[in-house]
Amino acid sequence: MRIILLGPPGAGKGTQAARLVEKYGLPYISTGDILRAARNSDTELGRKAKEYMDRGELVPDEVVIGLVRERLSRLRQRGSFILDGFPRTVAQAKALDEILAELGMALDRVIDLEVDPPALVRRLSRRRTCRVCGAVYHLDYNPPQQPGVCDSCGGELYQRPDDQEATIQRRLQVYFEQTRPLEEYYERRRLLTRIDGEASIDEVELAIETVLGLKEQE
Ligand code: AP5
Ligand code: MG
Ligand code: ZN
């Protein structure tokens, strides 16, 4: 199973990926998580990541492509993966095609979670993220059992710096300008499936499992 989760900031990519990972044990590659881990370190990558992420801009293609190439080549034996947040530009999608061809792998499906901007803003502005394990919560839609504490690891929940109103707006704009063209890119390759991402978390999960043929036997 080799899949991409596509969709705007706040569409639920991380939320759904976590469920698929837990149920099916698929290797998970989130460029956002990798860059967030790097930004806390005093390295060239960390400084670069922070500079772009805090403005809501995309980190340069060559940086992100290098990170993904490295992760994908390490996964080779198992051959399965969920990509979250990559690719995000046509150049990244083309690079991914090349990397997969080199590794002898092919994509199975690109799942596009569709959510309109007003709902995206409601989701992002009240999201909380675990500092330790990256688990994602929402103060209204998916609250932790204890305020401020991660259910799965007990870590501290915080608000991502890019989840401030002005940065959210910029991220959405960047998505429409640079990432939206990927819908057409994958549609032409007959890999794209659109899913209504405004349904409940459970409903979206079921829709994804159905598309991937994971629910057929039941
Ligand atoms: P990244 O971390 O990938 O952020 P993003 O794409 O902006 O997406 P989010 O993580 O904000 O949203 P999500 O779709 O995962 O939603 P979630 O499940 O959390 O990237 C961050 C930054 O890193 C970028 O801006 C860029 O700078 C850089 N970067 C990353 N990848 C890059 C790349 N490839 N190239 C260049 N730069 C890159 O859900 C959101 C909220 O909604 C949560 O609170 C959740 O609980 C709630 N929720 C989820 N589903 C539902 C539902 N069905 N109903 C109600 N609430 C829901
Ligand atoms: Mg995410
Ligand atoms: Zn945690």
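I count a charge as sitting over a ring if NZ of Lys or CZ of Arg is within 6 Å of the ring centre and within 35 degrees of the ring normal. By that test, Arg-131 lies over the face of Tyr-158, 4.4 Å from the ring centre. I also found the charged end of Arg-189 over the ring of Tyr-185, 3.6 Å from its centre.

I note that this is a predicted model, where local features need pLDDT of at least 70 and side-chain atom pairs count only at pLDDT 80 or more, while totals for chains, interfaces and linings use all residues. Residues are numbered from 1 along each chain as its sequence is written, and side-chain values use heavy atoms, with hydrogens and water left out.

Next, ligand 1. I find 36 residues around ligand 1, each with a heavy atom within 4 Å of it. The closest are Thr-15, Glu-57, Arg-88, Arg-127 and Arg-171. The shell divides into 15 nonpolar, 12 polar (Gly is counted here) and 9 charged residues (Asp, Glu, Lys and Arg).

I then checked polar contacts (pairs of N or O atoms within 3.5 Å). A polar side-chain atom of Arg-88 lies 2.6 Å from an oxygen atom of ligand 1. A polar backbone atom of Gly-14 is 2.9 Å from an oxygen atom of the ligand. A backbone N or O atom of Ile-201 lies 3.4 Å from a nitrogen atom of ligand 1. Taken alone, ligand 1 exposes 1000 Å², and the protein buries 97% of that (Shrake-Rupley method, 1.4 Å probe).

Conventions: Chains are lettered from A and ligands numbered from 1 in the order in which they are written. A polar contact is a pair of N or O atoms within 3.5 Å; within protein, one must be able to donate a hydrogen and the other to accept it, and residues adjacent in sequence count only if both atoms are side-chain atoms.
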